[in-house]
Amino acid sequence: MDSWPRDGPELRWKYEGLGKGYGGPLISDEGIFVNGEDDGNSYTICLDHNGTFRWKSPNGKEFMGFDFSASYPGTRSAPTVKGKRVYATSGMGQLSCYNTRDGTKLWTKDLMNDMNGILGDFGYSESPVVDKDKVYCFPGGREDNLVALDRQTGEVMWSAPVKKDFFAYDTPLLLKLPGRDVLVGTSRNYIHVVDRQDGTLLSTYKFEDIRYGYEHCNSVVHRDGYIYYIGCEGGGPGAYKLHLSEDGESLTEVWRNPEILNVFGGFVVVENVLYTTLETKKLVGLDTETGRVVSTIRAESGSIIYADN
């Protein structure tokens, strides 16, 4: 919309009863898919494009938290659709594949029991990333750290230790570089670049000053050969611009702004400006050449997207 009605846009429909959760919906030609928690269990739910319920399928126990994280129970991630299949991960690390039409479960893997993963303080939060034949997950175990599964059967295609580092709470990015396809994601202490063919670790960048209790949850953004990232509140690392070589074998820091902290909610790069929100209730724009703040406006912190200028 170029202009908005005084009372806001018209409410077309609403659906209630999804349960607790923090993941957004996934909208595709097959329908609307969202994860929700009900009575301590995880479910993937499908609505049609008019908001009418179609199906609800279980995905094991949901993450209800402990100590501080018990204040944030519920599903953590969004489903992913590829063709006639939808993939969903529960906060307890159960990754399942369903038929998009009726919710029939086709296969399931448990990131902890099947892959020796380690549950984080706030549960598994990544959304499944799928390419032509693989679905990727980060159990965070010492050996089965980053894993590629056959998206049709759920069988392990490769497993990579990736520094044997603990998982972060983000979703990785798939990139097509000259000569190879790569996955770029974060773990507790690193940004990593992995060859999608066999899991070979090509390059890493190590964060500074990561302290226990300060989580980072944003996905990286790629633009014109550069990787952008903004890390957690209170414990670093700030905003980064890194150069990614064409072969994926080097990540080199271009600039870092330690004052720009965003624990989750993300950021967007539009032309030569990076936009993000801060906990200090500001929306800021950074010059992508220098990393310096060039614009600021008062705004609540929260998720940010860019569309239609």
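Me: Why is Trp 55 called buried in this predicted model?
Reply: Trp 55 has a relative accessible area of 5%. Buried means under 20%, so Trp 55 counts as buried.

Me: What makes Phe 33 buried?
Reply: The relative accessibility of Phe 33 is 0%. This value also lies under 20%, and therefore Phe 33 is classed as buried.

Me: How do you know that Phe 33 and Trp 55 form a tilted pair?
Reply: The ring centres of Phe 33 and Trp 55 are 6.0 Å apart, and a pair requires centres within 6.5 Å.

Me: Which parts of the chain does the pair of Phe 33 and Trp 55 tie together?
Reply: Phe 33 belongs to strand S2 (residues 31–38) and Trp 55 to strand S4, so the pair joins parts 22 residues apart in sequence.

Me: Why are Tyr 15 and Phe 53 called a stacked pair?
Reply: Their ring centres lie 6.4 Å apart, which is within 6.5 Å, and their planes meet at 15°, which is under 30 degrees; the pair is therefore stacked. Tyr 15 lies in the segment before strand S1 (26–28) and Phe 53 in strand S4 (residues 53–61), 38 residues apart.

Me: Why is Phe 53 called partly exposed?
Reply: Its relative accessible area is 40%. Since this falls between 20% and 50%, Phe 53 is partly exposed.

Me: What makes Lys 56 lie over the face of Tyr 43?
Reply: Lys 56 is 4.4 Å from the ring centre of Tyr 43, and the distance limit is within 6 Å.

How values were computed
Residues numbered from 1 in each chain as written. Predicted model: local features only at pLDDT ≥ 70, side-chain atom pairs only at ≥ 80, totals over all residues. Heavy atoms only, no water. Phe/Tyr/Trp six-rings, centres within 6.5 Å; stacked < 30°, edge-to-face > 60°. Helix = DSSP H or I, 4+ residues; strand = E, 2+ residues; numbered from the N terminus. Buried < 20%, exposed > 50% of the residue type's maximum accessible area, 1.4 Å probe, protein only. Lys NZ or Arg CZ within 6 Å of the ring centre and 35° of its normal.
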